[in-house]
Amino acid sequence: MLQDIFNFNFLDKASAISVPDIIAALFVSFALGLFIYFVYVKTFKGVMHSTSFGISLIAMGLISSLIIFAVSTNLIAALGMVGALSIVRFRTVVKEPLDLVYLFWSITTGIVVGVGLIPLAIIGTLVIGAILYIFVSRKTHDTPYVVVVNCNGEKAEAQAIYLLNGQTKKCVIKAKSVSKEGVELTVEVRLKESSSQFINALLAIEGIRNATLVSYNGDYYM
């Protein structure tokens with residue numbers, strides 16, 4: 001076997017894959033990448049999705065297919081690819097867990113297409129896309145919010161908590177910051193019938209300097 005490796009004729013092996021096969025595989029990877037990008041746009045929860053990230057999803061599938069083509073037909077290319085990828089370091093921070101899911105989905109699709117399992121790639125992409133579209137884009141009426149209240153003292157703090165407990169469905173203190181100027185409360189709340197009138201009632205309490213209501217995406221960091 002060792003002798004076969006040294007006698008490996010990579011030029012003959014590389015010609016085993018025809019140009020039409022390569023073009024067809026890249027076309028399938030491109031089409032599936034567009035579908036992944038479409039699902040990403042439809043399920044995006046932020047204000048504005050990243051166009052560069054969407055293009056990266058398409059490019060990842062194409063690049064993965066090329067890599068698999070190279071390593072499956074050429075032993076020298078496979079060894080070189082392993083060495084090259086081992087020194088590459090990616091420092092882009094992926095903030096959303098779903099973004100990592102889309103990246104892995106795109107890379108996996110490209111790999112599956114590269115090994116020639118095109119029906120598996122198409123069926124798997126359609127099924128995964130349908131599941132993500134159903135669960136990620138599902139609307140919820142019980143939207144969480146965060147209320148930030150600045151109080152002058154303990155009495156105003158107690159009155160603010162009492163009001164929040166009475167006028168919201170759920171009230172959970174997430175953080176409390178105490179300084180010489182007063183107390184700052186960060187409270188997660190669930191609204192009653194999407195009403196935010198309690199913010200006005202908070203300002204009517206003596207000792208409350210200001211109150212802010214912001215949307216809450218479910219992630220909280222100290």
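Predicted model: local features only at pLDDT ≥ 70, side-chain atom pairs only at ≥ 80, totals over all residues.

**Entry: α3**

With that cut-off I went down helix α3 and found these residues buried: Ala 25, Val 28, Ser 29, Leu 32, Gly 33, Ile 36, Val 39, Tyr 40 and Thr 43. α3 has 25 residues, and its end-to-end C-alpha distance is 36 Å, close to the 36 Å expected at 1.5 Å a residue.

**Entry: the chain overall**

I stepped back for the layout. I get 9 helices and 4 strands, in the order α-α-α-α-α-α-α-β-α-β-β-α-β along the sequence. Of the 222 residues, 30% are buried. I also looked at contacts between residues at least 6 apart in sequence, and 72% of these join residues at least 24 apart.

**Entry: α3 against α6**

How do the axes of α3 and α6 cross? They come within 10 Å and cross at roughly 165°. Angles over 145 degrees count as roughly antiparallel, and therefore α3 and α6 are roughly antiparallel to each other. The crossing of α3 past α6 is right-handed. On the α3 side I listed Ala 25, Val 28, Ser 29, Leu 32, Phe 35, Ile 36, Val 39, Tyr 40 and Thr 43 as making the contact. On the α6 side I have Asp 99, Tyr 102, Trp 105, Ser 106, Thr 109, Gly 110 and Val 113.

**Entry: α6 itself**

I checked the span of α6 next. After α6 comes Gly 116, with a positive phi near 95°.

**Entry: bringing in α7**

Here the axes of α6 and α7 come within 9 Å and cross at roughly 165°, so α6 and α7 are roughly antiparallel. This crossing is left-handed. From α6, I see Leu 98, Tyr 102, Trp 105, Thr 109, Val 112 and Val 113 meeting a set in α7 that includes Ile 118, Ala 121, Thr 125, Ile 128 and Leu 132.

Parallel or antiparallel: how do α3 and α7 run? Their axes are 10 Å apart and the helices pack at about 5°, which makes α3 roughly parallel to α7. The α3 residues meeting α7 are Val 28, Leu 32, Phe 35, Ile 36, Val 39, Lys 42 and Thr 43. Among their partners in α7 I noted Ala 121, Ile 122, Leu 126, Gly 129 and Tyr 133.

**Entry: Leu 57**

I picked Leu 57, which sits in helix α4. Leu 57 is at 0% relative accessibility and so counts as buried. What does Leu 57 touch, not counting residues up to four places away in sequence? The list is Ile 36, Tyr 37, Tyr 40, Tyr 102, Leu 103 and Ser 106. I also took the C-alpha separation between Leu 57 and Tyr 102: 7.2 Å, for residues 45 apart along the chain.

**Entry: α8**

Then I moved on to α8, residues 154–167, with 14 residues. Its span of 20 Å is close to the 20 Å expected. I find Ala 156, Glu 157, Ala 160, Ile 161, Leu 163 and Leu 164 buried in α8. Seen down the axis, these buried residues fall within an arc of 165°, so they line one face of the helix. Background for this: an α-helix has 3.6 residues a turn, so residues three or four places apart point the same way. On the other side of α8, I have Glu 154, Lys 155 and Tyr 162 as exposed. What covers the buried residues of α8? The cover includes β1, β2, β3, α9 and β4.

**Entry: Ala 160**

Last, a closer look at Ala 160 in α8. Ala 160 has a relative accessible area of 1% and is therefore buried. Leaving aside neighbours within four places in sequence, Ala 160 is in contact with Val 149, Leu 202, Ile 205 and Ile 208.

Note on methods
Residues numbered from 1 in each chain as written. Heavy atoms only, no water. Helix = DSSP H or I, 4+ residues; strand = E, 2+ residues; numbered from the N terminus. Expected span 1.5 Å × (residues − 1). Buried < 20%, exposed > 50% of the residue type's maximum accessible area, 1.4 Å probe, protein only. Arc of directions from axis to C-beta. Contact = heavy atoms within 4.5 Å. Axes fitted to C-alpha atoms, helices over the stretch in contact; angles between N-to-C directions. Parallel < 35°, antiparallel > 145°, perpendicular 65-115°, else oblique. Left-handed = near helix turned anticlockwise from the far one by under 90°.
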